[in-house]
Amino acid sequence: MEGIHHRMVNVNGITMHVAEKGQGPVILFLHGFPELWYTWRHQILALSSLGYRTVAPDLRGYGDTEAPTSITSYSCMHIVGDLIALVDSLSVDQVFLVAHDWGAIIGWYLCLFRPDRVKAFVCLSVPFMPRKPMKPVESMRLNFGDDYYICRFQEPGKIEAEIARYGTSNVLKKIISNRKPGAPRMPKDNAFNIKPDTPISLPSWLSEEDLSYYTNKFNQKGFTGALNYYRAFDLNWELTAPWSGTQVKVPVKFIVGDLDSVYTTPGMKEYVESGDFKRDVPMLDEVVVMKGVGHFINQERADEINSHILDFIKKF
């Protein structure tokens, strides 16, 4: 990762680690779970060489960024607050936003709360999810059962203990290599379905060196901060009541793999394709569904994603 500059920035009462490279208009990259700034390595190198300043933080609770202990410190208000402070520190009014997984969820909140700071948004994997009348975790339990992964993540310490039992490296490999479509479930007796006598193969697009980087950082930091995003789902629902029914008015390009577990969760594909997504995000420019691609799309198909990002942001 030669030439990538790393620094610590004070934002919103915490210390945040930021990786950046290049000069020019700012592209802000937001990673998901269980990832780090490092998930954007291919995009940072490619787009910084094309006249952009690429900025990828470790989000609150991840990597070398501070991890407050309280679940309530991981609300959408806190995370968006971190990002606004980060953008302010870059001395720019607006950024191009590129985000994946939980980063995408936070990206939608950023566009909802502060559309004035986002020039355009390339969203990977997770479409906008408008606020519903029922609390989200209760709704997920009703629709997908107690074994649905977000429901299983709710109890503090429980999944952390499972991860410790099977080892960070094995758990990361299992999550990253998963290509099973549909709502992800975690059985109570073996949440990650790891069998000691069955080796887990890395996908071709992730090296042992890449896995080691993730593993070392999560071993240092632990998973609690990352899991607290899921534990703040219902809190976010409570805090965003004033935005019920509000459209996201930022230019958006949405990209997803047709094997992505988010896209293949019942109801999601229908929402994206029915026109409801466009109703909620009227400046939705394009939806791209990539064939034969799983969840970790920006790593699996790095070159294509780089081209998609560039083609879109060049319009602005």
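Predicted model: local features only at pLDDT ≥ 70, side-chain atom pairs only at ≥ 80, totals over all residues.
**View 1. Packing of helix α2 against helix α3.** Helix α2 spans residues 76-89 and helix α3 spans residues 102-113. Their axes lie 10 Å apart, and the two helices pack at an angle of about 75°. Because angles of 65 to 115 degrees count as roughly perpendicular, α2 and α3 are placed in that class. On the α2 side, the contact is made by C76, M77, I79, V80, L83 and I84. These residues meet I106, Y109, L110 and F113 in α3. The contact of α2 with α3 comprises 10 nonpolar residues, with no polar and no charged ones.

**View 2. Crossing of helix α7 and helix α8.** Helix α7 (residues 168-177) and helix α8 (residues 208-221) have axes that come within 9 Å and cross at roughly 125°. This angle makes α7 oblique to α8. The crossing of the two helices, α7 and α8, is right-handed. From α7, the residues T168, S169, L172 and K173 meet L211, Y214, T215, F218 and N219 of α8. By class, the contact of α7 with α8 holds 4 nonpolar, 4 polar and 1 charged residues.

**View 3. Surroundings of helix α9.** The buried residues of α9 are G225, A226, L227, N228, Y229, Y230 and R231. They pack against several helices, namely α2, α3, α5 (149-152), α6 (158-166), α8 and α10 (233-239).

Key:
Residues numbered from 1 in each chain as written. Heavy atoms only, no water. Axes fitted to C-alpha atoms, helices over the stretch in contact; angles between N-to-C directions. Helix = DSSP H or I, 4+ residues; strand = E, 2+ residues; numbered from the N terminus. Parallel < 35°, antiparallel > 145°, perpendicular 65-115°, else oblique. Contact = heavy atoms within 4.5 Å. Nonpolar A, V, L, I, M, F, W, Y, C, P; charged D, E, K, R; others polar. Left-handed = near helix turned anticlockwise from the far one by under 90°. Buried < 20%, exposed > 50% of the residue type's maximum accessible area, 1.4 Å probe, protein only.
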